[in-house]
Amino acid sequence: MLALGATYGLGSVVIGLLVAALGTAGLVSMVRLALVNRRTIREGVPAEARCLEAYVVHNRSSDGYTTSQRRLILGFEAPDGRDVRAELVAQAPYAVGDIVPVRYLPECPERVVPAGASFGIGLSACLKGMAMLGLVYAGLSLTVMALGSG
């Protein structure tokens, strides 16, 4: 036990708290984004945006697994006459020139969500949330072990 206690010190406390803080920040940002998206779907202004550009982004992980995201650059006119440009990650295959129904909050028309989208808790959100909680737990555990060894 003494040898184990000697390996933990102030650095372990700092690292543990940092890991816990990162996990907490990740959870907070996920919840915040979900709430904004839900509010946009419920209260947002509907608009018919035109697809100005469509492209695919490929992300390759270190283990060789590749994911792809279809992104759209959309344009529409706000009720006050401003031309608005927004980027959207699309699930449907839109082409340049297509009309894309979206919703946006009047205070931030550059942030659009697809009209009719549902932002329930899916598998991806659950896994990300569990990973963030794991970071919080690991960080706090490391901190408690480091403080308890002194």
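T40 is buried, with a relative accessible area of 0%, where buried means under 20% relative accessible area, exposed means over 50%, and partly exposed covers what is in between, with a 1.4 Å probe and protein chains only. This is a predicted model, in which local features need pLDDT of at least 70 and side-chain atom pairs count only at pLDDT 80 or more, while totals for chains, interfaces and linings use all residues. Residues are numbered from 1 along each chain as its sequence is written, and side-chain values use heavy atoms, with hydrogens and water left out.

**The surroundings of T40**

- T40 is located in helix α2, residues 10-43, and the elements named here are DSSP runs numbered from the N terminus, with helices (H or I) of at least four residues and strands (E) of at least two.
- A polar atom of the T40 side chain lies 2.8 Å from the backbone oxygen of V36.
- If neighbours within four places in sequence are left aside, T40 is in contact with R103, Y104, L105 and V113, contact meaning heavy atoms within 4.5 Å.

**Strands and hairpins**

- Strands β1 and β2 pair in the antiparallel sense over 10 bridges, and two strands are said to pair if DSSP finds at least two bridges between them.
- β1 and β2 form a hairpin with 5 residues between them, and G64 in this turn has a positive phi of about 90 degrees; within the pairing, V57 stands opposite Q69 in β2.
- β2 also pairs with β3 in the antiparallel sense, over 8 bridges, and R70 has A90 in β3 as its bridge partner.
- The hairpin of β2 and β3 has 5 residues between the strands, and G81 takes a positive phi near 95 degrees there.
- β4 and strand β5 (residues 108-114) run antiparallel and are joined by 4 bridges, they form a hairpin with 2 residues between them, and V102 stands opposite P114 in β5.

**The nonpolar core**

- The largest nonpolar core has 15 residues, of which L72, L74, F76, L88, V100, V102 and V112 touch the most other members; such a core is a set of buried Ala, Val, Leu, Ile, Met, Phe, Trp, Tyr and Cys residues joined through side-chain atoms within 4.5 Å.
- β1 (45-60), β2, β3 (83-90) and β4 each supply at least two residues of this core, and the largest share, 4 residues, comes from β3.
- L72, leaving aside its neighbours within four places in sequence, has contacts that include C51, E53, A86, L88, Y94 and V100.

**The aromatic pair**

- Rings of Phe, Tyr and Trp (its six-membered ring) pair if their centres lie within 6.5 Å, and planes under 30 degrees apart count as stacked, over 60 as edge-to-face and the rest as tilted; by this rule the count comes to 1 aromatic pair.
- F76 and Y104 form this tilted pair, with 5.1 Å from centre to centre and 35 degrees between the planes.
- F76 lies in strand β2 (residues 66-77) and Y104 in strand β4 (residues 99-105), so the pair ties together parts that are 28 residues apart in sequence.
- Both F76 and Y104 are buried.

**The protein as a whole**

- The protein has 3 helices and 5 strands, and from the N terminus on its elements run α-α-β-β-β-β-β-α.
- Of its 150 residues, 24% count as buried.

Methods. A polar contact is a pair of N or O atoms within 3.5 Å; within protein, one must be able to donate a hydrogen and the other to accept it, and residues adjacent in sequence count only if both atoms are side-chain atoms.
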